[in-house]
Amino acid sequence: MALISSDRLRFPCEPWKLAESIHVPGDDGTLETLFALGNGHLGIRGAHPTHGDAELPGTFINGFHETWDIKHAENAFGFARTGQRIVYVPDANNFTISIDGEQLSLAESTVQDYRRSVDFATGVYECAVTWACRSGATVTTVERRAVGFDSRGCLGIELSLTADREVSADITSAVVNRQDQPVEDQSAHDPRRAGRHAGRVLLPLHLHGSDGSLRLAWETAESRQRVGMAVDHWISVEQQPFETVVGEDESTVRYVLAVGGGETFRLEKSVSYAVAGADADPGRGEALAAEAELALAAVGTVFAESAAHYGQYWTTADIVVGGQPELQQAVRWSLFQLAQATARAGVAGIPAKGVSGSGYEGHYFWDQEIYLLPYLTYTNPGGARKVLESRHAMLPDARVRAKELSVDGALFPWRTINGLEASAYYAAGTAQFHIAAAIAFASRRYEWASGDAGFRSEIGAELLIETARMWASLGFFGKDGMFHIHGVTGPDEYTAVVNDNLYTNVMARFNLRAAAALDHPGIADTERLLWRQAAERMSLPYDPHMKVYSQDNDFMTLEPWDWSTPRSKYPLLLNFHPLVIYRHQVLKQADTVLAMFLQWQDFTAEEKQRAFDFYDPITTGDSTLSACVQGIMAAEVGYSDVALKHFTEALFIDLDNSHGNTIDGVHIASTGGIWSSLVSGFAGMRDQGELLHFDPRLPAEWDGLSFRLTIRGRLLAVDLVPGAISLALVEGAGPDGGPLDTSPLEVSVRGQRVVVAADGVRVPLETVPVPPPSVFPSVFPTAGLPIVRQ
């Protein structure tokens, strides 16, 4: 059931905010995700600070994790050995407020007025509640919070209280270790959700507090990572805290005071986190708390940093959808989430949920290269480079992993935090070798789009070479003279461990070609020749009867799925054994269609249309990565209505909780897919060819579409309206403070070369006709049909 889009009284449509004007119990966990704040390094869920009013509150730091030994029921050589899971760091967003002896609670107290919002323009969360207290007083509390950007480990929280008469206020501010609180292990019911550790995770190293200040530090039991924390309080009246109490799982600062009628009491809570790896120094806990103290920033400073960051961010990252206010709000929420997941991540991966929740256990997947790095490359190229640097730092472990799997070069883990493979189910994990090509592809795209002269020699060439060596040794030349890659799983996890998965082979071909084209002393002539031959003879399964590229060698022989399966049985992975799914023609997500989007120059328009027409109806969309890609290809094929349907579905995946697991964090890759849907789908942008290319497909319902792309030191403004596209180079300062390059840029619009300068150019566009749908030969009846089963 829809959430945000279904109740516009409760969730008003505002262009620069997500707001809730009525509190309704039951959606708290989902809304904690939707109202979360983050900067890519530090994230805090949008939970209410009062005990009992939150469902799954918490704070996370990217990469801060615990490990454990994976126990396989039946072991085998090369299985993943070490599990990794993001850890809740001690959470500062906790307040208990009592007025005249009554503890205020949304669940128990009388609420006269309520509104909370997160402001995309400033990054500030605000929740204002007016309470009718049992003592007769009317009290309004306002909580505001933001995360730092220059001071990326800092959090600022402000709590204010105003009463219509004098009241006795008892306010306790707490830091809570949520990781070691007893919580049900939800992963037993849903593998997408994070599990829990059996034993204690955070071991106290340093606990000190006095006069409203806290200096704390913990160490994880197994990974030996450490987190230090400094918390300072300031209040608007001259009064000392009633008490400051320190404990390993909860530390509190309490204020007891009278607040006069019409007066406003304000409490500011400055929080700073510092993290470090294992260290034998027993005094490291105190030192880490001191490091956090040095980094402390005043609440006003944190708020100012957040506003300044987003003031700059939106000048380059905003996308304007003309005449569609509800879509516009959702688009900006998605772009806001992308910034929150990546802006200050540093040299690190981007977790599948960013820092908004513990879903997928905080792991980095191929999502970041295929779904996030297009956005980063064209809006924050420096951030894209850092993600690739983090992959490059994993090369030593990837080389070791390659040897375990009996291949050359480097084999990157399917899911990881620390560089080691953490996927215990190899069929849908390790077998997805295509992550190697995703990393190579993102590396090549960054180099192509950024013009970063040093990237190839420092990072790019090594990533391309090591992944190409893996493909060359993984595959083989068969009796037919073609190059085959067997025993792999493609993006569609509903068909696993297959031979010649089309997506894998297409992307491996790209990888081999790109590596072979390098002028690098580390590549022998014989190796270069092998790569070229493997690429040119790559086996791409094709069904001549259906006239469609087959997803793998056997896909067209599989039994069709029974599409009378009730919707309550989806997602299929939660309701059917994997072997049942694997033997049927049914897709979790776009696979062949994704290959044709990414390697757009390698397929004809007819091949793309027939593939879309064949695969789209049998794609369940059980993966949140699917709808955006299906929409992009529907737009290219010319199916405007279908494209808009898929785009809208993707746009509201989290806002409407359509997959039922938004509680565990934002689907960050899907929000990246929204960026691609707009830029590559409706604006038809394609890259890595001779020129940046546009083939627009603006929906008839839209008045326009505008965005900006950072490319080779330039800022390119794109403005699409019915019947025309306008392109211009923006003048002014770039992200680094230096002037933007305004030298002419040549692009292609539907095959027409256009030179773009600061004064801009406008290109008329003809309406794209809707092509007739493909007609496929009918299939023979199978045991999968209900009539046969009867």
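Reply: Helices (H or I, at least four residues) and strands (E, at least two) are DSSP runs, numbered from the N terminus. With that in place, the loop to look at is the one between β15 and β16 (226-235), where Arg224 is found. The model is a predicted one, in which local features need pLDDT of at least 70 and side-chain atom pairs count only at pLDDT 80 or more, while totals for chains, interfaces and linings use all residues. Residues are numbered from 1 along each chain as its sequence is written, and side-chain values use heavy atoms, with hydrogens and water left out.

Arg224 has a phi near 60°, which is a positive value in a residue other than glycine. Its relative accessible area is 35%, so Arg224 is partly exposed (buried means under 20%, exposed over 50%, and partly exposed in between, with a 1.4 Å probe and protein chains only).

Val497 has a phi near 50° and is a residue other than glycine. Val497 sits in the loop between β22 (483-484) and α10 (502-516), and at a relative accessible area of 40% Val497 is partly exposed. A further loop, between β25 (559-560) and α12 (578-582), contains Pro571. The peptide bond that leads from Tyr570 to Pro571 is cis, with omega near 0°.

Charged pairs come next. The structure holds 48 salt bridges (a side-chain nitrogen of Lys or Arg within 4 Å of a carboxyl oxygen of Asp or Glu). One of them joins Asp452 and Arg385, whose closest N and O atoms are 2.6 Å apart. Asp452 belongs to the loop between α8 (435-450) and α9 (455-474) and Arg385 to helix α6 (residues 381-393), so this pair ties together parts 67 residues apart in sequence. Arg385 is buried, at a relative accessible area of 14%.

Another salt bridge links Glu268 and Arg266, with 3.5 Å between the closest N and O atoms. Glu268 counts as buried at 17% relative accessibility, whereas Arg266 counts as partly exposed at 29%. Both take part in a network of salt bridges that also includes Glu126, Arg144 and Glu158.

Two further places show how residues are enclosed. In helix α14 (residues 605-615), 8 of the 11 residues are buried, so the helix is largely enclosed by the rest of the structure. Among its buried residues are Phe612, Phe614 and Tyr615, together with Lys608 and Asp613. Their cover includes the strands β24 (548-549) and β26 (584-585) and the helices α13 (592-598), α15 (626-637) and α16 (640-651).

Phe694 lies in strand β27 (residues 692-694) and is buried, with a relative accessible area of 0%. Beyond neighbours within four places in sequence, the contacts of Phe694 include Phe707, Leu709, Leu716, Val718, Ile725 and Leu727. Ile725 is 31 residues away along the chain, and its C-alpha atom is separated from that of Phe694 by 9.2 Å.

Now the whole chain. The chain has 18 helices and 33 strands, and 62% of its 790 residues count as buried. Its C-alpha trace spans about 85 × 65 × 60 Å along the principal axes. The radius of gyration is 27 Å, which agrees with the value near 28 Å that a compact globule of 790 residues would have (taken over C-alpha atoms; the globule rule is 2.2 Å times the number of residues to the power 0.38). Of the contacts in the chain with a separation of 6 or more, 67% are between residues 24 or more positions apart.

How values were computed:
Contact = heavy atoms within 4.5 Å.
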